Amino acid sequence: MALKIAVIGGDGTGPEVTAEAVKVLRAVAKTENFKVETSDFDFGGDRYLATGQIISDEEIDQLRAFDAIYLGAVGHPDVKPGILEKGLLLNLRFKLDQYINLRPVKLYPGVETPLKDKGPEDVDFDVIRENTEDLYCGNGGILRQGTQQEVATQEMIATRFGAERCLRYAFEYARRKKQEGRGKGMLTLVHKTNVLTYCGDLWFRAFNEIGEADYPDIERDYNHVDACCMWFVKNPEFYDTIVVPNMFGDIITDLGAMIQGGMGIAAGGNINPDPGGISMYECIGGSAPKYTGKNVINPMAAIGAMALLLQNSTDSAGNAYRAAGDRVEQAIMKTTPKLKSLSAGKMGYSTTEVGDLVCEAL
Ligand code: IPM
Ligand code: MG
């Protein structure tokens, strides 16, 4: 048996950092003694500009045959913003029903955080972002466009079903961390219940009902999203696991990425945890087009996305790859102290050399 991964390098520096992640994948497959099969797909800006196609439903069906999808980066300087994001990234998230967006916020050794006096023991929590509802549904429209009487609406959607499956994943996640001695067993719901009295209320009630009935061992905590931003900076050590709807989750995870050292290191997973679900792992940052082809971009986030893929994947025979993923993460933690900086061109090493360092550290 083998772990089968669909690889979408994507745009800009995406293919370069993906190459390093795949290099680490092959190295860890050797040390951990398992087989991997990767298949490359050319979805992205270049193909769109050449053919007008982003991804068809048949192609999405092809991706379902894999154990996981690995995505480099989306965003092309010659394609209007929104087209590839909607056509590829959000399309895959929605069609594959990847309803969890898992984003660990973890400061690795030797990495500089803008938070003075905070270290790796202070910045280590997980954000579980709902990934298929909320303002991302695209419900709304424009009336009398381009006139003085123009009206635009875009509605926030929360369903009990959508909130509940995300909340249950988050409670389970917090419980697993507690059982493994990696967390204090606390789940923080982030919303804005003082203003969003309908969607917020639905989430708040579901959170408390589910928690009270099925997770009495997990402490429930609540933050308004604005206050949460403040605490990320002031007391990040307070957090264990956070659960948050889509739009607020998008915003707080960029802040989370910064306090863990920036886009050079932050990775995430679009997860469909249901039986047979296909998940997709990616860097949180974009395609950094200006660095394309220069061998200067930091591949650490891409390698981190590969670690997350392994930690969360099983193959069709049911084998898990968590030990391999943990090993890659350990290798990342051994490598970060060697880099002068996480920024492109300032690492003291090239993109490919950083990939090699992680392979050696394995
Ligand atoms: C992210 C990104 C996407 C999002 C964009 C590119 C559509 O910001 O993955 O956080 O908003 O979800
Ligand atoms: Mg974002």
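1. Counting a salt bridge as a side-chain nitrogen of Lys or Arg within 4 Å of a carboxyl oxygen of Asp or Glu, the structure comes to 25 of them. A word on the basis: this is a predicted model, in which local features need pLDDT of at least 70, side-chain atom pairs count only at pLDDT 80 or more, and totals for chains, interfaces and linings use all residues. Residues are numbered from 1 along each chain as its sequence is written, chains are lettered from A and ligands numbered from 1 in the order in which they are written, and side-chain values use heavy atoms, with hydrogens and water left out.

2. Helices here (H or I, at least four residues) and strands (E, at least two) are DSSP runs, numbered from the N terminus. Glu 20 counts as buried because its relative accessibility is 4%, while Lys 23 is partly exposed at 26%. For these words, buried means under 20% relative accessible area, exposed over 50%, and partly exposed in between (1.4 Å probe, protein chains only).

3. Next, please look at Lys 95 and Asp 57, which form a salt bridge with an N to O distance of 3.1 Å. This one links distant parts of the chain, 38 residues apart: Lys 95 is in helix H4 (residues 83-95) and Asp 57 in helix H3 (residues 57-63). Lys 95 is partly exposed at 39% relative accessibility, and Asp 57 is also partly exposed, at 43%.

4. Glu 282 and Arg 93 make a salt bridge too, at 3.0 Å from N to O. Since Glu 282 belongs to strand E12 and Arg 93 to helix H4, the pair ties together parts that are 189 residues apart in sequence. Both Glu 282 and Arg 93 are buried.

5. There is also a network of salt bridges, linking Arg 160, Glu 164, Arg 168, Glu 209 and Asp 214.

6. Now for strand E12 itself, where five of five residues are buried. Ser 279, Tyr 281 and Cys 283 point one way from the strand, and Met 280 and Glu 282 the other way. E12 has parallel pairing with strand E3 (residues 68-73) over four bridges, and Ala 68 stands opposite Ser 279. With strand E11 (residues 267-271) the pairing is antiparallel, again over four bridges, and Gly 268 stands opposite Glu 282. Two strands pair if DSSP finds at least two bridges between them.

7. A polar atom of its side chain lies 3.1 Å from the backbone nitrogen of Asn 272. Contacts (heavy atoms within 4.5 Å) of Ser 279, leaving aside neighbours within four places in sequence, are with Ala 68, Ile 69, Gln 98, Asn 270, Ile 271 and Asn 272.

8. Finally, Val 233 in helix H7 (residues 225-234) is partly exposed at 41% relative accessibility. Val 233 and Pro 114 are 119 residues apart in sequence, with 8.9 Å between their C-alpha atoms. Not counting residues up to four places away, Val 233 touches Leu 115 and Leu 255.

Notes
Polar contact = N/O pair within 3.5 Å; in protein donor to acceptor, adjacent residues only side chain to side chain.
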